[in-house]
Amino acid sequence: MQSRIEKVRKILIQEKADALLVWNGEGSGQPATAWLSGFSGTSSALLFAREKILSMGEFATSFSRPPATSFRKGGIRIRAFLITDGRYTAQSKKEANGFKIFITSRERTATQILESLCKQYHLHRIVFDGSVTSYSAIEDITKAISAVNFLSRKRVLQELRMVKDTEEIRLLKKAGDITVRAFMRLLPELYSGMTEKEIAQRLEMLCIEEGSEGVAFPTIVASGKNGAFPHARVTDKEIKNGELVTIDFGVRYKGYVSDMTRTVGIGKIGSRLKRMYEAVRKAQELGCKKAKAGVTGGKIDAVCRNYLEKKGFGKYFTHSTGHGIGIEVHELPLVSFRQNTKMPVGAVITCEPGVYIPNVGGARIEDALVLTKRGNLKLTEGIPKELIVL
Ligand SMILES: [Mn+2]
């Protein structure tokens with residue numbers, strides 16, 4: 001937790017801000033809240049306030065007691081506060097170590113508590129993540145606390161999480177291993193006549209047997225013409241001989257997720273579909289080879305896109321090549337067209353080019369990779385890439 005607070009400290013210095021506010025409500029802000037504090041409740045506010053450390057002399061004459069909730073380094077002390085409601089009194093104490101906890105009541109709303117903290121700690125400039133906190137939440141807060149300047153720093157909370165530490169990578173690898181094991185067990189069970197829904201259900205069951213704590217996102221099983229929709233919903237359609245089946249799924253493991261896609265063939269596959277699959281396979285291989293720290297997301301995207309264009313499938317590759325993953329399925333960095341920031345060591349990205357031909361079908365292959373100085377480490381390893389035909 002200390003290293004995470006350290007990242008917050010850097011943001012405050014960089015933004016010349018007095019505090020960082022993480023608003024968690026209505027399904028938004030929870031992942032960042034859990035990552036920064038350990039608190040898993042669905043409604044809260046975190047405030048990380050910057051405070052100059054007093055010298056011992058100043059301290060002796062000040063009336064405040066030494067704070068229990070502080071993280072100090074480099075002359076700047078960060079005080080961490082968590083505001084939540086009565087449902088979470090015991091849970092917040094247990095989970096959010098090092099945070100001073102406030103419980104809201106009818107007499108004292110979260111906004112009022114926030115206001116008094118702003119006054120007490122002389123907070124005038126507070127940063128929040130505009131891509132996470134809703135406009136209406138900020139509107140309410142700014143109306144009530146007019147003396148404070150609230151500034152949106154888009155994606156700041158995801159930036160904090162972009163570089164994964166060793167423990168995070170260990171958990172992501174575990175999630176990846178579960179994914180691979182479940183998929184390998186599924187393969188021999190697939191047969192022509194099974195429906196997409198049946199496949200998804202069975203796969204999710206196998207994931208749970210292998211250690212998954214739940215799906216990371218709704219499982220995609222898209223067969224035949226349905227494969228032309230990159231984010232197809234599972235249907236009651238039966239898989240048939242001669243079809244490609246795209247399976248995109250992920251598990252949750254101790255707060256971290258996996259995301260993997262494979263495309264397999266049923267029965268005898270025609271030459272056009274085979275060519276399409278082979279182009280995707282090669283594009284994905286080239287993308288994975290290119291992926292390492294110091295390379296931009298745009299570069300990896302270009303490698304995959306250029307190859308598919310060369311093979312005549314360019315216009316059928318209709319999404320970006322990949323995205324970061326971690327505690328959420330879509331995190332930074334983005335692996336897409338025009339992303340020209342160099343990716344750091346420890347970023348975890350997916351590489352997932354695909355081809356989708358309307359009324360024909362589609363293919364996608366996806367692996368998650370941890371970027372290193374020299375290359376990358378695959379989180380989903382051990383499944384042959386040549387077209388598996390069942
Ligand atoms: Mn993905």
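Figure 1. D259 belongs to the loop between β11 (256-257) and β12 (260-265), and H323 to strand β13 (residues 322-324), so the pair ties together parts that are 64 residues apart in sequence. Helices (H or I, at least four residues) and strands (E, at least two) are DSSP runs, numbered from the N terminus. Both D259 and H323 are buried; buried means under 20% relative accessible area, exposed over 50%, and partly exposed in between (1.4 Å probe, protein chains only).

Residues are numbered from 1 along each chain as its sequence is written. As the model is predicted, local features need pLDDT of at least 70 and side-chain atom pairs count only at pLDDT 80 or more, while totals for chains, interfaces and linings use all residues, and side-chain values use heavy atoms, with hydrogens and water left out.

**Figure 2. The open sheet β8-β9-β12-β20.** Four strands form an open sheet in the order β8-β9-β12-β20, with mixed pairing. Its edge strands are β8 (220-223) and β20 (388-389), each of which pairs on one side only. Two strands count as paired if DSSP finds at least two bridges between them. Antiparallel β8 and β9 are joined by four bridges, and V221 stands opposite I247 in β9. The pairing of β12 with β20 is parallel and extends over two bridges; here G265 has V389 of β20 as its bridge partner. Both faces of β8 are covered, with I220 and A222 buried on one side and V221 and S223 buried on the other.

**Figure 3. Surroundings of K225.** K225 is located in the loop between β8 and β9 (244-249). Its C-alpha atom is separated by 5.2 Å from that of N359, although the two residues are 134 residues apart along the chain. When neighbours within four places in sequence are left aside, K225 is in contact with N359, V360 and G361; contact means heavy atoms within 4.5 Å.

**Figure 4. Parallel pairing around β6.** Strand β1 (residues 19-24) pairs with β6 in the parallel sense over three bridges, and L20 stands opposite V127 in β6. Strand β7 (residues 149-152) also runs parallel to β6, to which four bridges join it. In this pairing, F128 stands opposite S152 in β7.

Figure 5. The relative accessibility of H122 is 57%, so the residue counts as exposed. Phi of H122 is near 55°, a positive value in a residue other than glycine. H122 and D18 are 104 residues apart in sequence, while their C-alpha atoms are 8.2 Å apart in space.

**Figure 6. Backbone geometry at K254 and at the L332-P333 peptide.** K254, in the loop between β10 (252-253) and β11, has a phi near 45°, a positive value in a residue other than glycine. L332 and P333 are joined by a cis peptide bond with omega about 0°. P333 is part of strand β14 (residues 331-335).

**Figure 7. The chain surrounding the close-up views.** The chain contains 11 helices and 20 strands, and its C-alpha trace spans about 85 × 40 × 35 Å along its principal axes. Of the 390 residues in the chain, 53% are buried. Among contacts with a separation of 6 or more, 69% come from residues 24 or more positions apart. The chain exposes about 18400 Å², of which carbon and sulfur atoms supply 53%; accessible areas come from the Shrake-Rupley method with a 1.4 Å probe, and for residues only the protein chains shown count as cover.
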